[in-house]
Amino acid sequence: MKPKRSFIALAAATVLAGCSVVPELLTQEAVHERVLDDQFRIYSDQEQVFAPIGFDEAVARALKYNLDYRLKVMESAVNLSLAEVSRYDMLPSVLTSAGYTLRNNDAGSTSYDVVTGQNLWGGNPTSSQQRRRRIAGAEFSWTALDFGVSYYRARQQADQFLISEERRKRVTQTIVADVRSAYWRAVGAQRLTPQTEALMARARTALERSREAERMGLLPPREALNYQRQLLDAIGLLAARRQELEYAKRELAALMNITPGTDFTLREDDESALMGVPFNVAELEELALHNRPELREEDYRRRITAAEARKQMLSVLPNLSFNIGAQYDSNRYLYNNNWIDSTLRASFNLMRLAALPSIDKSRKAQEQLDDARRMALSMAILTQVRVAVELYRMSLHELDVARESSAVDQRLLNFSKAALATRAESDLELIRAEVRALNSDHQRHLSYAHAQAAFGRIYNSIGLEVLPDDFEHLSVAELASLVSSHLQQVESDTFPTLLVPEAQALPSIRLDIAVPSGDGMPETGMSLHTAVRRVLEHNQFKLNDGPGVGTTLQLALELAPTTGGGIRQIRAVWTLRQPDGAVVGTQEYRSVLPAHVSARALTAFAEAATVAHLATFQGWLHRNLNP
């Protein structure tokens, strides 16, 4: 009995020891070590910055060292490993075993006659098993149901890997778009920061001089206060612009994963020419539906759903299992110590048939959910494409206005410098003009950065490839060169049929406007022609009324009689004719005007009719240039 008591005591001690586990807080030393290790690993194995960084290098550093991208790469690697592991689940199982058994007494037994109930062999127990013996075996087993489930599970895991790859591609596209936006804002900040610092110091000095002039009575109090208010507003706006642009450098450093506090400069390249606004948005939308990683992810998710449904159906089918094994037992009382046993079994769970309707219903519901999610995502992507195009259109308009404003303010500054006299207020007026001009310069750089970001948004909304796979082994210089060539190649392959670049020489056109006279039509003179011409030229159309220009854009206005409601319908018909008189295209625009038509209302209608068909005119000219 002592061995039995010792075993019970040992088991009790083990259970009590297992129940003694208590929560253990992390120590400050452990947290500190983890922080130091993370800080070292975040910025380790990176090429140092020794020269000004250009846009291509900024993209290369962001793709190579950005932690979000590293995370997606690791997720893809994990899913690929899981996919490889899941393939082995389809193999049959081969189980080997070996062991040693020990009893503290004999495994004896007696027998009795089941008819008479009398004990056989005089009731003496017999044994055919040794107290100590060795056993070993090797068994091969295969189950059809397990094979089918493992097969579909492996396909699902392979699709999970493909999903992680699409997510990785999406991260690269987002990184490039973010770098494009932050880089050009940071370049503007770098260009203007020295000038801004010097001017703000002069402006503060000017404020003190203005206050001194007010105290000495050299300026009327109201005039001095108004001037101080305007100067403070200008300084505040200048500081806000500087802060907005300088924040971009910190944002860019984070995208490139540069160690905080590292001083680096950007290569101040000339502002590259921006492409025109897409005129064929429908083709852009089709490209987006083919290329966007999110939609490909939904396609793979639908395949995962289909595989899950098939796995459920397998559980309803009959199962076939096969086992064969070689066994060994050292028991000396056995007639054969080595033997082979095998089993072939077919089983069918009849109760599982009742689940067939539920399984089919669940499959259809999941498929409908996948379709609804994909269609909702497709609609969101189509909206993103159109919004991106419109934002780019508005950003180009904003850039034009900012450039014009900067030019005007620079001219005003030149006038102020020329008119500078010995009076104190003249010097103060010069400073205010310099602040206004610098603010306009800030706005121009910011507008250009917004235009670059808006173009990047179009690029991103289409889902174009940023880089080919497997570039992690490249150096920063090699990757920067690959970024430059690849982006140029993708843009040249994709956008020429969708965008009208500024550098492409579209033919000049002659503008011809026909306005019926009389019948309440006001005399518009040249105002109507000037308004339409201004809209076209602002959108990069080349107008030339000189000799030799044969392509003509005609606008014919038709005003209907007054109706009973006191309104008149008006129709604008646009026609583009080739030099030989052949019609390239025709479009019309309709609206209503009051019974008494003013020249201002007619001009506004003509401008609206022009803006409504700008994309159509671009398409006509582009098709006429490349028939």
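**View 1. Ser406 and the residues it touches.** In this predicted model, Ser406 touches Ser440, Asp441 and Arg444, leaving aside residues up to four places away in sequence; contact here means heavy atoms within 4.5 Å. Ser406 sits in helix α9 (helices are DSSP runs of H or I with at least four residues, strands are runs of E with at least two, and both are numbered from the N terminus). Is Ser406 buried or exposed? It counts as buried because its relative accessibility is 12%; buried means under 20% relative accessible area, exposed over 50%, and partly exposed in between, with a 1.4 Å probe and protein chains only. Ala437 is 31 residues away from Ser406 along the chain, yet their C-alpha atoms are separated by 6.3 Å.

**View 2. The largest nonpolar core.** Here 57 residues come together, and Val179, Tyr183, Leu252, Leu266 and Tyr392 have the most contacts inside the core. A nonpolar core is a set of buried Ala, Val, Leu, Ile, Met, Phe, Trp, Tyr and Cys residues joined through side-chain atoms within 4.5 Å. Helices that each supply at least two of its residues include α3 (55–65), α5 (144–216) and α9 (356–418). The largest share, nine residues, comes from α5. Zoom in on Val179 and you'll find that it touches Phe55, Ala58, Val59, Ala62, Leu252 and Leu255, again not counting residues up to four places away in sequence.

**View 3. Helix α5, end to end.** With 73 residues, α5 reaches 102 Å from its first C-alpha to its last, close to the 108 Å expected at 1.5 Å a residue; that expected span is 1.5 Å times one less than the number of residues. Where does α5 bend by about 45°? Look at Leu192, with a proline, Pro194, following within four residues. The bend is the angle between axes fitted to the seven residues ending at a residue and the seven starting there. Just after α5, Gly217 takes a positive phi of about 80°.

View 4. Strands β7 (residues 567–577) and β8 (residues 583–594) run antiparallel and are joined by eleven bridges; two strands pair if DSSP finds at least two bridges between them. Arg568 stands opposite Leu593 in β8. Five residues lie between the two strands, and Gly581 in the turn has a positive phi of about 95°.

**Reading the views.** Residues are numbered from 1 along each chain as its sequence is written, and side-chain values use heavy atoms, leaving out hydrogens and water. Local features need pLDDT of at least 70 and side-chain atom pairs count only at pLDDT 80 or more, while totals for chains, interfaces and linings use all residues.
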